[in-house]
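Please read this briefing alongside the sequence and the 3D view. The points are grouped by topic.

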Amino acid sequence: MPARVPIEMSTQTSRQRPDPWPATRLAEIDEDAVRLLVHTFYGRIRDDDMLGPVFRQALEGRWDIHLEKMVAFWSSIVLGAKRYRGNVTQAHQPFGHLSGEHFSRWLALFFDTLDGLFEPQAAFAFAEPAIRIAESLQLNLFGWEYALPPAQRALLDSVKQARHARPHE
Ligand code: HEM
């Protein structure tokens, strides 16, 4: 069995878990599963004390478009759907005033949502690209000298370990 997606960073988020999570975690990823992830995750983002105001301000009146775009994005990454057309780095240029803590929070919520919805192997398919893209966005926003906060470093390391623990790799 592969290692569980690490959720050490998510301990403070457990009280906000949507109730109820699905009775059984999903083992297979299809478009419906991607949609469930995106809607659950951004529901939590919207209600989050740290990230809610950032997203609500940026996306007022445009949430539906954003959610559809994010379903296309994750479907392209995880299902090879090739539907996403956009520039992720450019879309985050306005957020240079944020900090690594914002990204840590984003990742904590994302990983906790993955853990609530998916079996480890399916969760991993989202977790690895998420942490890598988050790292690249931060380097672009904060400069190449920027060092990832320790919590994210640990997350990156555990994702690497989980990859090595996968039986077929
Ligand atoms: C603190 C962390 C983050 C914040 C505050 C943030 C915020 C946002 C906001 C407000 C938008 C909408 C931009 C607009 O349409 O005007 C957006 C778009 C997007 N975000 Fe993030 N984001 C964060 C992290 C991430 C991460 C880690 C990923 C990927 C794993 C990601 C992937 C995307 C994608 C794919 C889009 C759509 C870009 C496009 O318009 O084509 N974001 N983000």
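The protein has 7 helices and 0 strands, in a model that is predicted. From the N terminus on, its elements run α-α-α-α-α-α-α. Of its 169 residues, 27% count as buried. Among contacts between residues at least 6 apart in sequence, 80% join residues at least 24 apart.

**The nonpolar core**

- The largest nonpolar core holds 31 residues. Leu37, Leu107, Phe110, Leu114 and Ala127 have the most contacts inside this core.
- The elements that give two or more residues to this core are helix H1 (31-47), H3, H5, H6 and helix H7 (150-165).
- H5 supplies the largest share of the core, with 9 residues.
- In soluble globular proteins, nonpolar side chains tend to be buried together.

- The ligand is surrounded by 21 residues. The closest of them are Ala58, Gly86, Ala91, His102 and Ala134.
- Two or more residues of this shell come from each of helix H2 (52-59), helix H3 (63-79), helix H4 (88-91), helix H5 (100-117) and helix H6 (120-142).
- Sorted by class, the shell around the ligand consists of 16 nonpolar, 4 polar and 1 charged residues.

**Helices H5 and H6**

- The axes of H5 and H6 are 10 Å apart, and the two helices pack at an angle of about 175°.
- Angles over 145 degrees count as roughly antiparallel, so H5 and H6 are roughly antiparallel to each other.
- On the H5 side, the residues that meet H6 are Gly100, Phe103, Trp106, Leu107, Phe110, Phe111, Leu114 and Asp115. On the H6 side, they are Ala123, Phe126, Ala127, Ala130, Ile131, Ala134 and Gln138.
- The contact of H5 with H6 has 12 nonpolar, 2 polar and 1 charged residues.
- Leu107, Phe110 and Leu114 in H5 and Ala127 in H6 belong to this contact, and these residues are also among those with the most contacts inside the largest nonpolar core.
- Ala134 in H6 meets H5, and Ala134 is also one of the residues closest to the ligand.

**Helices H1 and H2**

- H1 and H2 pack at an angle of about 105°, and their axes are 6 Å apart.
- Angles from 65 to 115 degrees count as roughly perpendicular, and therefore H1 is roughly perpendicular to H2.
- Ile45, Arg46 and Asp47 in H1 meet Gly52, Phe55 and Arg56 in H2.
- By class, this contact of H1 with H2 has 2 nonpolar, 1 polar and 3 charged residues.

**Two single residues**

- Arginine 35 lies in helix H1. How far from alanine 72 is the C-alpha atom of arginine 35, given that they are 37 residues apart along the chain? The two C-alpha atoms are separated by 9.1 Å.
- Is arginine 35 buried, exposed or partly exposed? A residue is buried with 20 or more other C-beta atoms within 10 Å and exposed with 12 or fewer. Arginine 35 has 16, so arginine 35 is partly exposed.
- Lysine 82 is placed in the loop between H3 and H4. With 9 C-beta neighbours inside 10 Å, lysine 82 counts as exposed.
- The phi of lysine 82 is near 55°, a positive value in a residue other than glycine. Most residues other than glycine have a negative phi.

Methods:
Residues numbered from 1 in each chain as written. Predicted model: local features only at pLDDT ≥ 70, side-chain atom pairs only at ≥ 80, totals over all residues. Near = placed C-beta within 6 Å. Helix = DSSP H or I, 4+ residues; strand = E, 2+ residues; numbered from the N terminus. Nonpolar A, V, L, I, M, F, W, Y, C, P; charged D, E, K, R; others polar. Core = buried A, V, L, I, M, F, W, Y, C linked by C-beta atoms within 7 Å. Axes fitted to C-alpha atoms, helices over the stretch in contact; angles between N-to-C directions. Parallel < 35°, antiparallel > 145°, perpendicular 65-115°, else oblique. Contact = placed C-beta atoms within 7 Å.
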